[in-house]
Amino acid sequence: QNDALVGDLQNRIQNLRSITIAIGDEVRDQNKFLDEMQNGMASNDNLLGSTLQKMGKMYHSHGSMSIVYLSLFCIACFVVVYFLMRMGK
């Protein structure tokens, strides 16, 4: 009876070991994915920061109407793309 219980216990330990290894592999994969995502976000943050700096320089050098025209152009492009996508469905 004890031998059967020891065998059952060994099987359970082996199952737990396999599960633990699988969890460790999944955690490593998720950490790698999060690191890649963080690097992408940092790159986007740098790009956005430099874009805002350039817009600030443009605002100070060309006056405020340039920003207004640029904003209207961006909004118009967004609206056109939105309607084109909506018509495509």
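Student: What is the relative accessible area of S50?
Tutor: S50 counts as partly exposed. That class lies between buried, under 20% relative accessible area, and exposed, over 50% (1.4 Å probe, protein chains only). For S50 the value is 27%.

Student: What kind of model is this, and how many helices does the protein have?
Tutor: This is a predicted model, in which local features need pLDDT of at least 70 and side-chain atom pairs count only at pLDDT 80 or more, while totals for chains, interfaces and linings use all residues. Residues are numbered from 1 along each chain as its sequence is written, and side-chain values use heavy atoms, with hydrogens and water left out. Helices (H or I, at least four residues) and strands (E, at least two) are DSSP runs, numbered from the N terminus. There are zero strands, and the number of helices is two.

Student: What radius of gyration does the protein have?
Tutor: The C-alpha trace spans about 90 × 35 × 10 Å along its principal axes. A compact globule of 89 residues would come out near 12 Å, by the rule of 2.2 Å times the number of residues to the power 0.38, with the radius taken over C-alpha atoms. The protein itself has 29 Å.

Student: What share of the residues is buried?
Tutor: Let's start from the surface: the protein exposes about 8,300 Å² (Shrake-Rupley method, 1.4 Å probe). Carbon and sulfur atoms supply 64% of that area. Among the 89 residues, the buried share is 2%.

Student: Which residue meets D25 in a salt bridge?
Tutor: A salt bridge needs a side-chain nitrogen of Lys or Arg within 4 Å of a carboxyl oxygen of Asp or Glu, and the whole structure has two. One joins D8 and R12 at 3.5 Å, N to O. The other pair sits in α1, three residues apart, about one turn of the helix. At 2.5 Å, N to O, the partner of D25 is R28.

Student: Which helix gives the largest share of the nonpolar patch?
Tutor: Patches use residues with over 30% relative accessible area and no salt bridge, joining like charges within 9 Å and nonpolar side chains (Val, Leu, Ile, Met, Phe, Trp, Tyr) within 5 Å. Here L48, L52, M55, L70 and F73 make a nonpolar patch of about 470 Å². The elements giving two or more residues to this patch are α1 (2-62) and α2 (64-88). The largest share, three residues, comes from α1.
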